[in-house]
Amino acid sequence: MNSVGKPLLGGIEAGGTKFVLAVGHSPTEIIERHEVPTHDPATTLAQASEWFEGQGSIHALGIASFGPVELDRSSPLWGHITNTPKPGWANCNLAGYFAERVGVPIGFDTDVNGAALAEYKHGAGKTARSLAYITVGTGIGGGLVLDGKAVHGAAHPEMGHIFPRRHADDREFEGICPHHGDCLEGLASGPAIKARWGASLSELPADHIAHEIIASYLAQLAHSLIAMTAVEIIVFGGGVMKTGGLLESVNRRASELGAAYFPGGSKHKIVLPGLGQNAGLAGALMLANAVQPDH
Ligand code: ZN
């Protein structure tokens, strides 16, 4: 037990380029933070667990991971990354590794469900009953929280793999998703933007058509979410969303798509993360808090 009498929690935001690690007394009280690059699993997991071993006695560890992952507690594959194309990481038993090495209860969910939980409780969704968190970066993914619970079903939501209507000035590009070609992730993720215009969205001039095209695709995701779930708050995070003016364009286009159609349409909000860069990590600490023995 630490000086302020609250148990110490550990959190991992496991991403495709880096693992962000933290210990804290609560999701919003981070004491120490550290990053290790995502290489092969043996190297990265060993570096991560060594860091936690040097942080004193944690009571539980939460992992918010890139996916796809297995979230069914009754499955022998619970806590595994499953069929990712990322070399070496398919079938990696992330939860099992840290359960054995760190020896504490493990909370486990997707990175975007973790971020959605954190934004719902501590960030942009503090006054709402429902919130979706979308990340637009190396890939596109989304998590949905309804009445305080992250939605899991047969698996977890894969919001990046929906099929938007193609923009009239973007008919030629085939898309880069290895599964679908021109799904949303195949058209509007960071690598998809680079593949057709040779630069990131923020590097392209403000009057470049790319801005309009990408906003139109992201707005269709927001519209679909609102149409299907009536979610109140949609948070857009991830590297691509740092592009100046993009959130405003998505908002404007989503409003056009909703037109006057949705009852109470003006209650929907499309915003940037209230927790900034810390949404995923705060979510990981919430997952730890949910499984810690004194909870
Ligand atoms: Zn896809």
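A crossing of two helices is called right-handed if the near helix is turned clockwise from the far one by less than a right angle, and left-handed if anticlockwise. Helices here are DSSP runs of H or I with at least four residues, numbered from the N terminus.

With that in hand, let us walk through this predicted model, where local features need pLDDT of at least 70, side-chain atom pairs count only at pLDDT 80 or more, and totals for chains, interfaces and linings use all residues. Residues are numbered from 1 along each chain as its sequence is written, and side-chain values use heavy atoms, leaving out hydrogens and water.

Start at helix α6 (residues 209-229), which passes α7 in a right-handed crossing. The axes of α6 and α7 (residues 246-258) lie 8 Å apart, at an angle of about 55°. That makes α6 oblique to α7. Among the α6 residues in contact (heavy atoms within 4.5 Å) with α7 are Ile214, Leu218 and Ala222, and the α7 side includes Val250, Arg253 and Leu257.

Now look at helix α1 (residues 41-53) and helix α2 (residues 94-102), which pack at an angle of about 35° with axes 11 Å apart. Here too the crossing is right-handed. From α1, residues including Leu45, Ala48 and Glu53 meet α2 residues such as Tyr97, Phe98 and Arg101.

Finally, the cysteines. Cys177 is buried (under 20% relative accessible area) at 7%, and Cys183 is buried at 0%. How many disulfides (cysteine sulfur pairs within 2.5 Å) does a search of the whole structure find? The search finds 0.

How values were computed: Axes fitted to C-alpha atoms, helices over the stretch in contact; angles between N-to-C directions. Helix = DSSP H or I, 4+ residues; strand = E, 2+ residues; numbered from the N terminus. Parallel < 35°, antiparallel > 145°, perpendicular 65-115°, else oblique. Disulfide = S-S within 2.5 Å. Buried < 20%, exposed > 50% of the residue type's maximum accessible area, 1.4 Å probe, protein only.
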